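The following report describes a single protein chain together with its ligands. Please read it alongside the sequence and the coordinates shown here.

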Amino acid sequence: MQLTTAARSHGHAVLRDPHLNRGTAFTHSERAALGLDGLLPPAVQSLADQAWRTYQQYRAQPTVLAKNTFLAALHDRNRVLYFKLLEDHLKELLPVVYAPGVADAIQRYSHEFQRPHGVYLSVDDPDGVERALRNYGLGPEDVDLLVATDAEQILGIGDWGANGMVISIGKLAIYTAAAGIDPARVIPVMLDVGTDRESLLNDPLYVGSRHRRVRGDRYDALVSTFVESASRQFPHALLHFEDFGPSNARRILRRYQRSARVFNDDLQGTGAVALAAVLAGLRAIGSHPSEQRVVIFGAGTAGVGIADQVRALMIRAGLDADEATRRVWCIDRDGLLVDDMPALRDYQRAYARPAREVAGWGTGGVIGLAEVVARVHPTILVGTSTAGGAFTRPILRELATHVDRPIILPLSNPTERIEVVPADAIAWTDGRALVATGTPWDPVSHGGTEHVIAQANNALVYPGIGLGTIVARAEAVTDGMLLAAAEAMAALVDAGQPGAGLLPPVEELRTMSVAVAVAVARQALRDGVAHAELPDIPQAVLDAMWHASYRPLDVR
Ligand SMILES: NC(=O)C1=CN([C@@H]2O[C@H](COP(=O)(O)OP(=O)(O)OC[C@H]3O[C@@H](n4cnc5c(N)ncnc54)[C@H](O)[C@@H]3O)[C@@H](O)[C@H]2O)C=CC1
Ligand SMILES: CC(=O)C(=O)O
Ligand SMILES: [Mg+2]
């Protein structure tokens, strides 16, 4: 909790610092103390006045990209006002600063570029990592969180090289808006290892390293130097990894999970939010975790992350590990994962079916989704494939023939990548499916019932996981903490009501984050990884949360 804001700059330097600047809200005495007399128009306005004006300006922007650019400029100008706007209009602004709108901003970053943000680390200069993190100007006690991306698989739009800085900034904005992580105590990081996107390599305005993606030892050296340097310089900070490609996401997480405080959002955050939706859905239909048949379509970072957490749930519910694994069918580009496939990735291997089990399945050597659905009759169908429209009418009609209340989670982002739009999923299952999606959707009316479509995006859960980890000063994010997060989230809804959503609405993000953070901090203590003294965890969580307001200025 920060009671005052320390201001050690004067004059124009104050107005240029987004953490200090309050524009017309500076009082007369603050203006005198900070050397601002004459640098601002005379009226002294409240934060509410400023927020009202800024919101009107925001509304006047013609496109999502223009809105995103307007908000980015506000973020650069006045951090409190930016977060006040987000707090006041979270549901409306979330799709602009985050998925799906952030995808446009990422693709346009080099062209819309106005000023640098965060820390850009380059595979071409690993020796510069330590210095670059120091240059950011924050001390060892001043940082709670770094979000780092290498931008190989951003959302469902793929490799966007250095433009990926926007996803680190976007994820951090949600940390603050949703969980009150102090925006002055975070650092967005871009791990620039090049890009394989031809259009960027040929774009004269591209701001990143103009070469192909570096892999292997040099890639690993950059990540290792970053993890070591960030952990040493900011010993209490959580390192959040975002949108790494499938060949690196799990490998990097595994490598540092025991030695550093790391979290992979696409694996662990997505797994937790999907698990929360599953738990809420199973409770609503009165079904037991051990009875489920789960099909994951798109066995990459997010898909296998979800498979892991659903399997862990089934094991906890009494199945042995083999039986739990056998209840998960993973499908990727080449169809159902089978153990004799030559191109099987190491992280997919655990879920590959024995070839003898599926002998006689498939056409042309591929066992596709339609066949798996027809044979397996999944009770839970998850989409993390980026293959828009892959859950077709015949597939969902077939599913609905065998399963009364299927849970269908088409999670791919942005909007055009979704495996099935909710209205179709509900219509094709005669209104029986329980549906949650990665991007926001309006409710769907079917057969006289209005079905709320919950947004099953990791943004619902990672802010609370981060807050709980920070408050507990946990040295690691354990599997138990992720499960606790999912259970806390699922406990907030009653999906048993007709048409109810599987997760709480995004307007309730702050409440959700508190519940998740409390559960996560509590589990960190139980797991023996917490270093904070926490006699009253709920109070500690509430006290830790930053709110968008102008605090008294401590002028020296
Ligand atoms: N709702 C949420 O919170 C989250 C959603 N996602 C979404 O999930 C999708 C995947 O993201 P990641 O797992 O990070 O990417 P990824 O690249 O690691 O995984 C995608 C997988 O889908 C497979 N795939 C591609 N086309 C396919 C097809 N036609 N049929 C079957 N499999 C196919 C790929 O081979 C790959 O293994 C993205 O659209 C992303 O936005 C990811 C993380 C969180
Ligand atoms: C939501 C998210 O992290 C993704 O789509 O990659
Ligand atoms: Mg992601």
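## Burial and overall form

Of the 556 residues in the protein chain, 51% are buried, a residue being called buried if 20 or more other C-beta atoms lie within 10 Å of its own, exposed if 12 or fewer do, and partly exposed in between, with C-beta atoms placed from the backbone. This is a predicted model, in which local features need pLDDT of at least 70 and side-chain atom pairs count only at pLDDT 80 or more, whereas totals for chains, interfaces and linings use all residues. Residues are numbered from 1 along each chain as its sequence is written, while chains are lettered from A and ligands numbered from 1 in the order in which they are written.

The protein chain has a radius of gyration of 24 Å, which agrees with the value near 24 Å that a compact globule of 556 residues would have; the radius is taken over C-alpha atoms, and the globule rule is 2.2 Å times the number of residues to the power 0.38. Along the principal axes, the C-alpha atoms fill a box of roughly 80 × 55 × 50 Å. The protein chain holds 22 helices and 16 strands, these being DSSP runs numbered from the N terminus (H or I, at least four residues, for helices; E, at least two, for strands). Among contacts between residues at least 6 apart in sequence, 73% join residues at least 24 apart, two residues being in contact if their C-beta atoms, placed from the backbone, lie within 7 Å.

## Domains

The domain assignment gives domain 1 (1-45), domain 2 (46-260), domain 3 (268-456) and domain 4 (462-530), with bounds that come from an automatic or database assignment. The C-alpha centres of domain 1 and domain 2 lie 27 Å apart, and nine residues of domain 1 are in contact with twelve residues of domain 2. By class, the side of domain 1 that touches domain 2 has two nonpolar, six polar and one charged residues, where Ala, Val, Leu, Ile, Met, Phe, Trp, Tyr, Cys and Pro count as nonpolar, Asp, Glu, Lys and Arg as charged, and the others, Gly among them, as polar.

A separate annotation comes from UniProt, whose unreviewed entry places the feature "domain: Malic enzyme NAD-binding" at residues 267-525; such annotations may be inferred rather than shown by experiment, and their positions are given in the numbering used here, with feature names shortened. The end C-alpha atoms of residues 267-525 lie 23 Å apart, and the span is 41% helix and 12% strand.

## Surroundings of the two ligands

Ligand 1 is surrounded by 29 residues, of which the closest are Gly156, Gly298, Gly300, Ser412 and Gly438, a residue being near a molecule if its C-beta atom, placed from the backbone, lies within 6 Å of it. The elements that give two or more residues to this shell are α13 (265-285), α14 (301-316) and β8 (328-332). The shell divides into ten nonpolar, 15 polar and four charged residues. Domain 2 and domain 3 both give residues to the shell, so ligand 1 lies between them.

Around ligand 2 are Ala99, Leu155, Asp243, Asp265, Asp266, Asn413, Asn457 and Asn458. By class, the shell around ligand 2 has two nonpolar, three polar and three charged residues.

## The annotated binding site

The unreviewed UniProt entry places the feature "binding site" at Glu242, Asp243 and Asp266. These span 25 residues in sequence, yet no two of their C-alpha atoms are more than 6.6 Å apart, so they gather at one spot.

Asp243 lies in the loop between β5 (238-242) and α12 (246-256) and counts as buried, with 26 C-beta neighbours inside 10 Å. Leaving aside neighbours within four places in sequence, the contacts of Asp243 include Thr149, Glu152, Ile167 and Asp266. Asp266, in helix α13, also counts as buried, with 25 such neighbours; not counting residues up to four places away in sequence, Asp266 touches Glu242, Asp243, Ala249, Thr301, Ala302 and Gly305.

## Buried helix positions

Isoleucine 306 lies in helix α14 and counts as buried, with 31 C-beta neighbours inside 10 Å. Among the residues that isoleucine 306 touches, not counting those up to four places away in sequence, are Thr270, Ala274, Ile296 and Val382.

In helix α7 (residues 102-112), the buried residues include Val102, Ala103, Ile106 and Tyr109, and what covers the buried residues of α7 includes α4 (64-77), α6 (90-97) and α9 (165-179). In α6, Leu93, Leu94, Pro95, Val96 and Val97 are buried, and their cover includes α4, α5 (79-88), α7 and α9.
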